[in-house]
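Reader: I've got a chain open on my screen and I'd like to talk it through. Can you take my questions one at a time?

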Amino acid sequence: VDKDEVIYQEDDERFSVYICKTEDDEYILIELESQITSEVWLLNPQTPKEKLKLFLPRQNGVEYNVYHQNDRFLIVTNQDGAKNFKLMEVLDSQFVAGTTQNWVERIPHRPTIRLHNLTPFKHFLVIWEREDANKTMRVQDLKTSQITKVSFPSPVYVVYAQTNKNYDTHIVRFTYTDLVTPKSIFDYNMNDHTRILLKEDPVLGGYDRTQYVSTRIYATSSDGTRVPMSLVHKKNVVLNGDNRCLLYGYGAYGSVIEPSFCSNRLSLLERDFIFVIGHIRGGGALGRPWYEDG
């Protein structure tokens, strides 16, 4: 241990330090994160004796994540006031460490869509976003540049990436759930846009999802803002305003109460309760501005 070389030391206690590899195994990343600021250093594993390269110096309030795909870097960042983040690209041949020189915008900032993260593959790029309180999944074919938004059966749902270790593949694995569907793992074919169910969490007691309905409604607040609400109930319940209801909401820290399945609430639904999640301001259901407005 005495002979081990320290390649990086972070002295600012506000920052956490993480280390990972890019999906294409071309770089090792040292990622530094505080509550509102980030910084990334690069190390080429083929030349481990070289000094680390600073991707972009930390700037208070600026966050960014770095990905490498084939011959380019992809950067998801809130730089220049992009509260919901944007996607930038710089080619390896044009990359200048420590600067934004030659960066090109690929997905602009959008006021109603929050760009979260990416899953790069050799021939595809999977883009994970949030729109209208739902997480979304889009797949870009790098050969044609065509982007396909993956559809899901429920108007309110949760989808997120599983670990995808194989870089040169046309299959992406993800987890899906909604208010009536238990957590399910799928393999999605990015060539023909088909999917295969690999596993679904079992629910004891003869659960029949066809007996329940989930939907999205909106409540208008006192200032006229429409607040999205995720709702689930039994099919035979008539929405006439006289039903028993459990309304749950949390609005702080940008957290999102996802509309996911929970078997614990079935006892309420069986007694004709309506269960509602209010995606109120202060949370992140409608992006960073929704959090800030809270």
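Reader: Which residues form a nonpolar patch on the surface with about 380 Å² of accessible area together?

Author: Keep in mind that this is a predicted model. Residues in a patch need over 30% relative accessible area. Tyr-248, in strand 19, has 39%, and Tyr-253 has 69%. The patch is made of Tyr-248, Tyr-250 and Tyr-253.

Reader: Is Tyr-253 buried, partly exposed or exposed?

Author: Tyr-253 is found in the loop between strand 19 (245-249) and helix 1 (266-270). The cut-off for exposed is over 50% relative accessible area. Tyr-253 comes out at 69%, so this residue counts as exposed.

Reader: Where is Asn-102, and what is its phi?

Author: Look in the loop between strand 7 (86-91) and strand 8 (104-107) for Asn-102. With 33% relative accessibility, Asn-102 is partly exposed. Asn-102 is another residue other than glycine with a positive phi, and the value is near 75 degrees.

Reader: Which residues touch the most other members of the largest nonpolar core?

Author: That core has 16 residues. Strand 10 (124-131), strand 11 (134-141), strand 13 (157-161), strand 14 (171-178) and strand 15 (184-189) each supply at least two of its residues. There's also a second, separate core of 14 residues, including Tyr-64 and Met-88. Back in the largest core, the residues that touch the most other members are Val-126, Met-137, Val-139, Phe-152, Phe-174, Tyr-188 and Met-190.

Reader: Is Glu-39 buried or exposed?

Author: You'll find Glu-39 in strand 3 (residues 38-43). Buried means under 20% relative accessible area. Glu-39 has 6%, so this residue is buried.

Reader: Which backbone nitrogen lies 2.8 Å from a polar atom of the Glu-39 side chain?

Author: Not counting residues up to four places away in sequence, Glu-39 touches Tyr-8, Ile-30, Glu-31, Leu-32, Leu-54, Leu-56, Pro-57, Arg-58 and Tyr-64. One of these provides the backbone nitrogen at 2.8 Å, and that's Arg-58.

Reader: What joins the side chains of Asn-240 and Asn-243?

Author: Asn-240 sits in the loop between strand 18 (226-234) and strand 19, and is partly exposed at 47% relative accessibility. A polar atom of its side chain lies 3.0 Å from the backbone nitrogen of Asp-242. As for Asn-243, its side chain and that of Asn-240 are joined by a polar contact of 3.5 Å.

Reader: Zooming out, how many helices and strands does the chain have?

Author: The C-alpha atoms fill a box of roughly 70 × 45 × 45 Å along the principal axes. Of the 294 residues, 43% are buried. The secondary structure comes to two helices and 20 strands.

Reader: What share of the accessible surface belongs to carbon and sulfur atoms?

Author: The accessible surface of the chain comes to about 16000 Å². The share that belongs to carbon and sulfur atoms is 48%.

Conventions
Residues are numbered from 1 along each chain as its sequence is written. This is a predicted model: local features need pLDDT of at least 70, side-chain atom pairs count only at pLDDT 80 or more; totals for chains, interfaces and linings use all residues. Side-chain values use heavy atoms; hydrogens and water are left out. Helices (H or I, at least four residues) and strands (E, at least two) are DSSP runs, numbered from the N terminus. Buried means under 20% relative accessible area, exposed over 50%, partly exposed in between (1.4 Å probe, protein chains only). Patches are made of residues with over 30% relative accessible area and no salt bridge: like charges are joined within 9 Å, nonpolar side chains (Val, Leu, Ile, Met, Phe, Trp, Tyr) within 5 Å. Accessible areas come from the Shrake-Rupley method with a 1.4 Å probe; for residues, only the protein chains shown count as cover. A salt bridge is a side-chain nitrogen of Lys or Arg within 4 Å of a carboxyl oxygen of Asp or Glu. A nonpolar core is a set of buried Ala, Val, Leu, Ile, Met, Phe, Trp, Tyr and Cys residues joined through side-chain atoms within 4.5 Å. A polar contact is a pair of N or O atoms within 3.5 Å; within protein, one must be able to donate a hydrogen and the other to accept it, and residues adjacent in sequence count only if both atoms are side-chain atoms. Contact means heavy atoms within 4.5 Å.
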